[in-house]
Amino acid sequence: MNWSLLFGSYANVLLNLQVMGMIFLGATGGVLIGSIPGLTATMGIALLIPFTYGMDLIPSIGLLLGIFCGGMYGGSISAILIHTPGTPAAAATVMDGYPMGQKGEAGRALSIALYSSFVGGMIGAVLMTFLSPLISKMALKFGPGEFFTLAVFGLSVIISISGKSIVKGLISAFFGLLLATVGMDKVCAYLRFTKAPGLYDGMPFIPTLIGLFALSEVFAGVEKITVAERIKATITRALPDLDDVKTIMVPVIRGGLIGTFIGAIPGAGGDIAAFVSYGETKRASDHPELFGTGVPEGIAAAESANNGCSGGAMIPLLSLGVPGDSNTAVMLGAFIMKGIQPGPMMYVEHLDLVYSIFAAMITANIAMLIVGGCGVKLFAKVISIDKKKLLPVILVLSLVGAYSINGNLFDASLAIVMGLVGYLLQKYEFPLSPILLALILGPMSESNLRRFMQIHDSKFWLLFTRPICVVLIILAVASLVSSVINQKKIERRTAGSTTK
Amino acid sequence: MRKANFVAALLFLALTLYVVAVTFTFKKFKNVPIGPEFFPRWLALGLGICALVLLYQSVKHYDKREAPTLSLRDKGMQRLLIGVAVVIAYVFLWKSLGFLVMTPLLLFALMFLLEVRDYKVMILISLLTSVGIFLAFKLILGIEMPLGFLSGVMDF
């Protein structure tokens with residue numbers, strides 16, 4: 001590590017007003033874009049790339065990194081306030097963030113999300129600075145077998161997020177996995193279950209997510225609402241109090257590390273990291289039965305992991321030239337547009353630039369903390385608006401969000417259908433989160449298993465000769481077993497408290 | 001919840017049978033160890049097994065709570081069905097009548113359905129929200145919403 005160059009690059013970023021301005025502008029835009037369901041950080045980065053044509057390299061990268069970090073946190077705002085993850089990466093935040101908001105503690109939930117996002121993001125950024133070459137060497141060893149077992153490991157947390165009934169959680173998961181098989185089979189290019197052009201690429205993810213989480217909530221609200229229903233959001237501070245900080249310290253650090261590691265694996269994004277971190281935190285908790293009712297650890301685990309992922313995803317981008325997720329894939333385009341080809345040679349030819357990116361990433365996380373902290377009271381006020389007036393607005397925003405992804409009405413119609421499916425499933429206590437997890441991990445597990453079998457001449461057992469696969473399978477089995485034990489413990493405690 | 005779980009289990013079993021039957025119509029590919037039918041078929045079987053467990057649990061009265069109903073006589077359900085019909089009509093009329101005409105109407109109709117009767121506030125929310133969303137998406141994000149018959153007039 002060239003320390004003098006590292007400090008010089010940090011000074012260049014911190015003392016350059018234009019760079020700092022762009023980072024703060026990006027973080028503000030990212031928080032706003034991330035908080036609107038249907039608009040992702042990826043979309044924000046893609047939309048703003050043309051505006052960076054005339055800018056110098058570092059300010060433009062600062063702007064994009066600001067959006068990236070801000071967008072990751074922004075997704076938690078709508079997850080907490082309106083039961084809809086603003087970005088797929090915030091899907092796991094819904095599980096405890098929304099119930100906490102409904103208890104009148106939206107401000108507390110937002111502050112925990114902000115703090116956890118910041119710490120997770122900083123862990124990712126610091127690890128990116130120091131471990132970049134090492135982690136990318138490990139990520140390079142991931143082939144189809146490793147990706148398949150990673151997906152299996154991710155799916156093993158389904159029981160942890162199943163709610164009251166394991167059977168219903170598994171039914172939701174299988175239903176989600178089946179939905180993930182709709183459309184073009186990626187290996188043989190064969191259309192399954194549909195000939196509708198809108199489903200050629202599979203179930204459009206964002207409209208499905210909007211339907212399941214936002215519209216289902218609107219439909220339930222339209223059915224139930226009879227008297228003015230207002231939830232008072234108590235907002236006393238922008239950052240969590242000391243007790244909350246102590247409670248979430250371990251989940252945040254764990255989430256940051258999990259997020260960085262998973263983010264460093266190309267193809268695995270913040271959504272997977274958040275679910276894995278949530279599952280692990282619930283597994284390790286003394287009170288797993290409270291997860292899903294609005295516990296700080298649940299929010300912290302999910303938010304620190306998805307923000308940790310932003311640092312992790314930059315590792316393979318910078319050192320291998322392989323983007324870790326969709327955000328960094330768009331960013332790769334921005335680098336190339338500026339005449340920079342990320343990859344191992346970047347550490348030789350443009351080390352000053354690499355260090356400047358590290359500095360910009362850390363600054364972007366600080367900017368996110370400041371912007372989020374200033375806006376937390378404003379965001380939490382959304383929940384105190386009369387629900388009868390808010391529900392129609394959420395509905396329009398959701399439909400516009402679904403439409404805006406591809407600009408077609410099919411997506412908006414699909415969101416309505418999925419909204420009705422989600423409404424019915426929720427009404428009869430089938431959890432929705434396993435469907436989301438299955439939609440994320442289903443295609444990954446199927447295509448990689450099939451590729452593995454193709455490469456290894458149908459010898460499935462060869463999977464057990466690969467060390468990373470074996471470790472991931474052991475982790476998946478351990479996670480499954482402990483989740484089942486935990487679930488049984490929850491059932492016993494619930495039964496005990498009911499008897500009392 | 002017993003009856004609701006019983007019906008849900010039967011519906012998921014029917015889905016299982018449908019998916020398994022459809023996978024047998026899939027094309028067979030040569031030299032492909034796992035074809036396109038493999039995953040959906042096994043996943044459907046997994047779903048079927050879970051549905052059978054749920055069926056068993058419902059028969060054995062595991063869950064004795066009252067389940068929410070889907071009765072058409074229920075006021076809430078009537079309101080929901082009207083609401084869904086209005087939303088479907090809204091999306092289908094987007095192309096011909098346009099976002100700026102349909103959105104205020106939808107917002108007003110839904111607030112009316114939700115028993116808001118402060119007409120001034122309803123009109124204000126409907127108009128401001130529609131124009132606000134339209135301008136935010138068009139000017140800040142560059143996303144064009146369908147304008148319908150206004151598309152020639154509103155080009156800017």
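This is a predicted model: local features need pLDDT of at least 70, side-chain atom pairs count only at pLDDT 80 or more; totals for chains, interfaces and linings use all residues.
I began with two side chains: Tyr403(A) is buried, and Trp94(B) is buried too (buried is under 20% relative accessible area, exposed over 50%, partly exposed in between, with a 1.4 Å probe and protein chains only).

Residues are numbered from 1 along each chain as its sequence is written, chains are lettered from A and ligands numbered from 1 in the order in which they are written, and side-chain values use heavy atoms, with hydrogens and water left out.

**Aromatic pairs**

I looked up ring pairs next (Phe, Tyr and the six-membered ring of Trp, centres within 6.5 Å; planes under 30 degrees apart are stacked, over 60 edge-to-face, the rest tilted). I found 15 aromatic pairs over all chains. One of them is Tyr403(A) with Trp94(B), edge-to-face, at 5.1 Å centre to centre and 75 degrees between the planes. I placed Tyr403(A) in helix H15 (residues 387-406) of chain A and Trp94(B) in helix H3 (residues 75-97) of chain B, so this pair joins two chains.

Phe108(B) is in helix H4 (residues 99-113) and Tyr119(B) in helix H5 (residues 119-140), so the pair ties together parts eleven residues apart in sequence. Phe108(B) is partly exposed at 27% relative accessibility, and Tyr119(B) is partly exposed at 41%.

I also noted one aromatic cluster made of Tyr403(A), Tyr90(B), Trp94(B), Phe99(B) and Phe134(B).

**Charges over rings**

Here I used CZ of Arg or NZ of Lys within 6 Å of the ring centre and within 35 degrees of the ring normal. Arg41(B) has its charged end over the ring of Phe24(B), 4.0 Å from the centre. Arg117(B) does likewise over Phe112(B), at 3.9 Å.

**Where chains A and B meet**

Contact (heavy atoms within 4.5 Å) takes 67 residues from chain B and 57 residues from chain A. The buried area is about 5,500 Å², with 81% from carbon and sulfur atoms (accessible area, 1.4 Å probe, lost on being put together, summed over both parts). I counted zero salt bridges between the two chains (a Lys or Arg side-chain nitrogen within 4 Å of an Asp or Glu carboxyl oxygen). On the side of chain B that touches chain A, helix H1 (2-23), helix H2 (38-59), H3, H4 and H5 each give two or more residues.

Terms used. Helices (H or I, at least four residues) and strands (E, at least two) are DSSP runs, numbered from the N terminus. Buried area is the accessible area (1.4 Å probe) that two parts lose on being put together, summed over both.
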